[in-house]
Amino acid sequence: MVVGKMKLTFQKRVKLAQYLWMLSWFATLGGAVTFTLGCFLKTELRRRGEVMDNTDIHCVPNTLMIVGLASMGINYFASRICQDALDPGRFPRWKTFLKPFFGCSVFFTTLMLISVILSYAMKGSLETSLKIGLKNGIRFYKDTDTPGRCFQKQTIDRLQMEFQCCGNSNYKDWFEVQWISNRYLDFSSKEVKDRIKSNVDGRYLIDGVPFSCCNPSSPRPCIQYRITNNTAHYNYEHQTEELNLFIRGCREALVYYYMGLMNTIGAVVLSVFLLQCSVLASVRLLQTSMEAVAGQENVEVDSEGYLLEKGVKETFMEYVDPVLKLLWMNQPGPLQTTEHTVTWFLCFRLHSGTPRPHTGLKSISIIKY
Amino acid sequence: MAVLPIKFTKTKRDKLAQVLWVLNWISVVTGIILFSLGIFLKVEINKRQDLMAMSQLQSVPNMLIAVGLIACVINFLGGKICYDCVDTNKFLRWKLVMLPYIICTFFFTLSVLVGALMCYSMHGQLEEALTLGLRDAMRYYKDTDTPGRCFLKRTVDQLQIQFQCCGNEGYRDWFQIQWVSNRYLDMSQREVVDRLRSNVEGKYLMDGVPFSCCNVNSPRPCIQYQITNNSAHFNYDFHTEELNLWMKGCRQALRDYYTNIMHSVGLTVLIIWLFELSVLTGVRYLQTSLENVLRQGDPECESDGWLLENSFVETARSNFNIIKHLGKFNQINISSNGDPNIDKPPTAHYGPDNVPPKPLPMAS
């Protein structure tokens with residue numbers, strides 16, 4: 001069953017080749033834009049890398065960069081193919097190249113779509129990573145004399161001022177952590193001794209926040225110590241006071257910022273994806289219609305172009321089997337290789353239910369036959 | 001004796017015209033660059049309008065904007081003229097316009113130079129504007145309830161955070177003004193009343209600074225109150241403490257920032273001025289060589305191009321004479337009683353010997 005059959009006159013073929021050539025150059029530009037956006041996102045993520053616990057989120061910009069480069073290559077070849085398509089002398093030399101070309105192109109185009117989906121799906125992972133990273137940052141705020149942590153204070157202060165946020169979820173996170181180093185506490189003073197005795201871990205906890213939580217838009221000078229004590233300050237009530245400190249938590253601020261970035265990038269990459277799909281479909285149509293007139297005396301006849309010769313499933317099997325053969329190396333027949341693959345996927349799913357990270361491939365070698 | 005003459009063949013002239021056409025279009029782009037530099041400078045100065053007392057600072061960006069626009073127009077016209085100069089016939093159209101155009105462009109490039117020099121000479125005005133502006137801003141820091149001044153606190157705080165500076169010349173400037181509003185002072189407390197009584201004007205002065213003076217790089221939490229009191233804080237000596245607050249004054253920080261911008265802009269304008277001058281020189285050479293072609297009559301011949309036909313002194317003298325006689329064109333010649341029809345002695349030149357030809361014999 002042929003998919004996407006279309007009759008093309010000679011004039012239509014010529015026009016298709018011309019538009020395709022221009023479209024493929026636009027798509028190359030789109031690929032370059034995707035690569036640049038991937039680089040930009042990676043730089044932005046690395047800038048705040050100190051408050052992130054893991055680098056899982058980096059898979060999004062990495063994928064974007066790979067896809068951008070691949071897209072530039074694919075579209076360059078697409079433009080060369082359509083340049084040669086109308087010339088019956090030069091077209092046959094692309095014959096052997098076309099099957100792997102289409103295989104790779106479909107793979108990378110699907111990867112582009114996956115990267116867009118990933119950028120939305122990784123929100124949870126980003127949030128968790130930021131939660132742990134910020135918690136550590138706040139905990140090590142006072143350790144400006146410990147090597148490896150001496151710049152945590154600077155990082156957190158700059159972060160809070162730039163993103164106009166305070167603490168992890170809100171400013172009360174600072175009340176649970178000792179953020180003043182023992183070097184600056186006078187242990188002979190009664191107040192310090194009382195505070196240290198007041199909790200199990202012997203930490204100096206206060207209802208105060210660092211200066212970087214102060215809101216410049218506040219009409220009164222910043223109140224950063226004894227925040228919950230209404231009597232300590234004249235004409236002050238901490239329940240109704242909203243402008244004194246930053247209300248938002250830094251985790252929320254950072255997630256909002258990065259999601260905004262990824263949404264914009266996702267929209268741009270989606271349009272590049274659509275452009276790429278149209279380029280590929282047009283190249284396929286042009287190729288099949290030119291193949292139909294190949295070898296004939298009169299090349300100006302009408303011909304039929306199609307997208308897929310067989311159905312979707314069969315074409316998929318046809319492309320995937322050689323790849324799997326390469327991977328398994330000693331397996332018989334294409335259909336049986338595919339059956340093994342299906343079994344592999346099922347087993348992987350069963351085993352991924354249990355929390356054992358890297359055993360997927362190992363369990364396959366036991367199960368495969 | 002011509003100034004800097006160059007011989008031009010026909011192909012050289014055509015090439016010159018084409019090159020000048022391209023250069024004129026590049027000059028249009030540089031005119032746009034000048035315009036955008038002027039706009040950028042205007043935006044930068046207006047951003048900190050609250051901190052600068054109104055002064056002549058606005059003249060520099062305005063000048064650049066005007067010069068940029070005029071440059072675009074002049075160079076667009078120049079491009080059109082040079083495009084037509086390849087063909088000698090079309091040059092006749094522009095013949096009368098070209099000399100006034102060159103003179104205008106010459107004076108215009110002088111104004112570009114003036115614009116560049118203004119960028120470099122703004123120091124004094126800038127310093128004065130910043131001193132007065134910052135002093136007033138700090139004085140009105142506490143007036144967040146007075147209309148017209150309610151955002152001054154935020155402006156000053158954001159300035160001190162962004163430029164990493166404190167006060168006008170240093171953090172001590174904050175000790176001399178009351179920056180805590182009376183609304184937040186508990187007048188019933190003894191400490192407050194003591195402080196108010198301690199000076200003539202009844203201001204609440206303290207040795208403390210706003211939070212925006214705090215240095216991010218300090219290893220210890222910021223000490224912003226009782227700064228000069230060593231015993232108020234553990235392990236603290238304010239004489240040796242350098243990392244606690246920002247040490248630089250905001251006047252110096254802003255002055256350095258604006259001086260950098262001005263110098264970069266001034267350098268760019270100077271380069272553009274040199275470029276414009278070279279384009280003008282090319283157009284002058286083109287004009288003189290084409291006029292010489294017309295004088296000689298043959299469009300394919302070689303011709304000389306020069307900057308000035310005679311030396312500087314002679315040209316200046318002849319121009320001065322023209323200007324002198326310009327005022328005399330409506331004066332009447334009294335020697336012939338104002339009647340222009342009276343026979344005047346011949347003043348024609350008859351070659352180098354100046355011997356008039358013999359009168360022709362008349363047929364009788």
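Start by selecting residues 20-41 of chain A: the span is 100% helix and 0% strand, and its end C-alpha atoms lie 31 Å apart. Helices (H or I, at least four residues) and strands (E, at least two) are DSSP runs here, numbered from the N terminus. This is a predicted model, where local features need pLDDT of at least 70, side-chain atom pairs count only at pLDDT 80 or more, and totals for chains, interfaces and linings use all residues. Residues are numbered from 1 along each chain as its sequence is written, chains are lettered from A and ligands numbered from 1 in the order in which they are written, and side-chain values use heavy atoms, leaving out hydrogens and water.

Next, pick residues 62-78 of chain A, again 100% helix and 0% strand, with end C-alpha atoms 24 Å apart.

Now show helix 1 (residues 10-47) of chain A together with helix 7 of chain A: they pack at about 155°, axes 9 Å apart. Axes are lines fitted to C-alpha atoms, for helices over the stretch in contact, and angles run from 0 to 180 degrees between N-to-C directions. So helix 1 of chain A is roughly antiparallel to helix 7 of chain A (under 35 degrees is roughly parallel, over 145 roughly antiparallel, 65 to 115 roughly perpendicular, the rest oblique). Their contact has 25 nonpolar, seven polar and two charged residues (Ala, Val, Leu, Ile, Met, Phe, Trp, Tyr, Cys and Pro count as nonpolar, Asp, Glu, Lys and Arg as charged, and the others, Gly among them, as polar).

Zoom out and colour chain A by domain: domain 1 is 6-125 + 253-313 and domain 2 is 138-250, with bounds from an automatic or database domain assignment. The C-alpha centres of domain 1 and domain 2 of chain A lie 51 Å apart. Their contact (heavy atoms within 4.5 Å) takes eight residues from domain 1 of chain A and nine from domain 2 of chain A.

Last stop: residues 20-40 of chain B, 100% helix and 0% strand, end C-alpha atoms 29 Å apart.
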